[in-house]
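Please read the following briefing alongside the sequence and the coordinates.

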Amino acid sequence: MTETLDDEAARAAKRAEEFDREWIQAHVAEERRSAARLGDIRELIFGAQDGLVSTVAVVSAVAGASGDRFAVLIAGLATALGGVFSMAAGEYLSSKSQREIFEAQIAGEREEVETRPGEAEAEVAYMFEEDGLPPDEAAHVAGIVATHPDVLLRTMVEKELALHVEEHAGTPLQGALIIGLAFGLGALVPILPYLFLPIDTATWVAVVATGAVLFGIGVAKSRWTRRPPIPSGLEIFVIGALAGIVGYFFGNILPPLLGAPPVVP
């Protein structure tokens, strides 16, 4: 640990020209890969959370309404399968549409750089001023950037549109597979207790198991969000527990309100 801190202190004391170019290249490449991985982690967490919470709410409601293990399993599996396909399809279509919109916006900026380079340079200078550079320095930097049309395009796209000319994230299909698989795995947690336990016991085991997994996801998520792990885990745990309890509660009160016969143990 001491060597790591010493290395960081040494790097902090270096001037820009003292850094090895190959080290900088490798360091930037690794940071870009880490950023791309965070996108996959986001989809994993989102899919698993949704699978856990939505499924525990459904199986708890059906268990409270029917007291029938078979009905609970059918409802849970239907929710899981429907969620896998709907989440995957939604992720694929939204990611694909987003990319097509981005590409159209980038094409518009490319046309501006090619046909109205003076306007593009003036916009870049203005955005550098917005970032805090004095007007003369902003104009000077923009003038240098404008001598390289590819760099000018990248600068406009990234600063004006908050986009990237090249996407480092995965494909829409990859995102769809990740989020669909995560939803399916998460949905299994509240379903499995009903395969092995009496229905009343299974209901509470499903809620507790779902809460425990959600707590673990929250703790794991804190590694990237840099929040305290326990509060992060408890936040997600409470949401999952409430979903199961509310689902069971409504499963018990709705049937009588709708005129259904009471459940006979």
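In what follows, a residue counts as buried when its relative accessible area is under 20%, as exposed when that area is over 50%, and as partly exposed in between, using a 1.4 Å probe and protein chains only. The model is a predicted one, in which local features need pLDDT of at least 70 and side-chain atom pairs count only at pLDDT 80 or more, whereas totals for chains, interfaces and linings use all residues. Residues are numbered from 1 along each chain as its sequence is written, and side-chain values use heavy atoms, with hydrogens and water left out.

**Overall architecture**

- The protein has 10 helices and 0 strands, where helices (H or I, at least four residues) and strands (E, at least two) are DSSP runs numbered from the N terminus.
- Along the sequence, the elements therefore read as the pattern α-α-α-α-α-α-α-α-α-α, given the DSSP runs just described.
- Of the 265 residues of the protein, 30% count as buried.
- Among contacts with a separation of 6 or more, 71% are accounted for by residues 24 or more positions apart, a contact being heavy atoms within 4.5 Å.
- The accessible surface comes to about 16,200 Å², and 65% of that surface belongs to carbon and sulfur atoms; such areas come from the Shrake-Rupley method with a 1.4 Å probe, and for residues only the protein chains shown count as cover.

**Salt bridges**

- Side chains of opposite charge can pair when their charged atoms come close.
- The structure holds 4 salt bridges, each defined as a side-chain nitrogen of Lys or Arg within 4 Å of a carboxyl oxygen of Asp or Glu.
- One of them pairs Asp-131 with Lys-159, with the closest N and O atoms 2.2 Å apart.
- This pair links distant parts of the chain, since Asp-131 sits in the loop between helix H4 (117-130) and helix H5 (135-146) while Lys-159 belongs to helix H6 (residues 149-160), 28 residues apart.
- Asp-131 counts as exposed at 54% relative accessibility, whereas Lys-159, at 33%, counts as partly exposed.
- Salt bridges that share partners also join Glu-112, Arg-116 and Glu-119 into one network.
- Glu-112 is buried, with a relative accessible area of 5%, while Arg-116 is partly exposed at 37% and Glu-119 is partly exposed at 35%.
- Glu-119 lies in helix H4, and its side chain also makes a polar contact with the side chain of Arg-116 at 2.8 Å; a polar contact is a pair of N or O atoms within 3.5 Å, where within protein one must be able to donate a hydrogen and the other to accept it, and residues adjacent in sequence count only if both atoms are side-chain atoms.

**Nonpolar surface patch**

- Leu-181, Leu-185, Leu-188, Leu-192, Leu-195 and Phe-196 form a nonpolar patch on the surface, with about 620 Å² of accessible area together.
- Patches are made of residues with over 30% relative accessible area and no salt bridge, like charges being joined within 9 Å and nonpolar side chains (Val, Leu, Ile, Met, Phe, Trp, Tyr) within 5 Å.
- Helix H7 (172-191) and helix H8 (193-196) each supply at least two residues of this patch, and H7 gives the most to it, with 3 residues.
- Phe-196, which lies in helix H8, is exposed, with a relative accessible area of 66%.

- Pro-193 is placed in helix H8 and is buried, with a relative accessible area of 9%.
- Leaving aside neighbours within four places in sequence, Pro-193 is in contact with Ala-202, Val-205 and Ala-206.
- Pro-193 and Trp-204 are 11 residues apart in sequence, and their C-alpha atoms are 9.1 Å apart in space.
- Ser-60 has its place in helix H2 (residues 21-66) and counts as buried at 0% relative accessibility.
- A polar atom of the Ser-60 side chain lies 2.7 Å from the backbone oxygen of Val-56.
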